Amino acid sequence: METRHTNGNWTVVGNIPAIVANAGENAAVIARIEYDNGFVAVDDPKERDANARLIAAAPELLETLETIAHGACLEQMCANRCICFSCIAKTAIAKVKEGK
């Protein structure tokens, strides 16, 4: 599966948080966590900042899932008595990359 998101290190910047890739001269704004603008606002600054940090961590979270997904599927060995983390990771990756 091809990765289509903006490459680079995503970070949170500013008082009204913006998530940017490659902070510096060639920064690309990924998202802004705003108070309003026609959408339901997040009034709590702590919640808003936590949302921004979660979004900024998305590329690393995806990379971690891809690492887990490359692991062996233990489903046959488990005989349906345990959770196959590789299968769970593959499902999450498909949701991100293919919208499934």
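1. Contact here means heavy atoms within 4.5 Å. In that sense, and leaving aside neighbours within four places in sequence, Ala-52 is in contact with Val-12, Pro-17, Ile-19 and Ile-33. The model is predicted.

2. On the overall make-up: the protein has 4 helices and 3 strands. Along the sequence these elements follow the pattern β-β-β-α-α-α-α. Of the 100 residues, 21% count as buried. The accessible surface comes to about 7,500 Å², and carbon and sulfur atoms account for 54% of that surface. Among contacts with a separation of 6 or more, 34% are between residues 24 or more positions apart.

3. On the pairing of strands 1 and 2: strand 1, residues 10–13, runs antiparallel to strand 2 and is joined to strand 2 by 4 bridges. Val-13 has Ala-18 as its bridge partner, and Thr-11 has Val-20. The hairpin made by these two strands has 4 residues between the strands, and Gly-14 in this hairpin takes a positive phi near 90°.

4. On the pairing of strands 2 and 3: strand 3 covers residues 28–32 and pairs with strand 2 over 4 bridges, again in the antiparallel sense. Ala-18, already named as the partner of Val-13, stands opposite Arg-32 of strand 3. Here the hairpin has 6 residues between the strands, with Asn-22 at a positive phi near 55°.

5. In strand 2 both faces are covered. Ala-18 and Val-20 are buried on one side, and Ile-19 and Ala-21 are buried on the other.

6. On the core: which residues make up the largest nonpolar core? The set has 6 residues, namely Trp-10, Ile-19, Ala-21, Ile-33, Ala-52 and Ala-56. Strand 2 (18–21) and helix 1 (45–56) each supply at least two residues of this core.

7. Ile-68 is located in helix 2, residues 58–69. Why does Ile-68 count as partly exposed? The relative accessibility of Ile-68 is 37%, and the partly exposed class lies between the buried limit of under 20% and the exposed limit of over 50%. Ile-68 is therefore placed in the partly exposed class.

Methods:
Residues numbered from 1 in each chain as written. Predicted model: local features only at pLDDT ≥ 70, side-chain atom pairs only at ≥ 80, totals over all residues. Heavy atoms only, no water. Core = buried A, V, L, I, M, F, W, Y, C linked by side-chain atoms within 4.5 Å. Buried < 20%, exposed > 50% of the residue type's maximum accessible area, 1.4 Å probe, protein only. Pairing = 2+ DSSP bridges. Areas by Shrake-Rupley, 256 points an atom, 1.4 Å probe, with all protein chains shown as cover.
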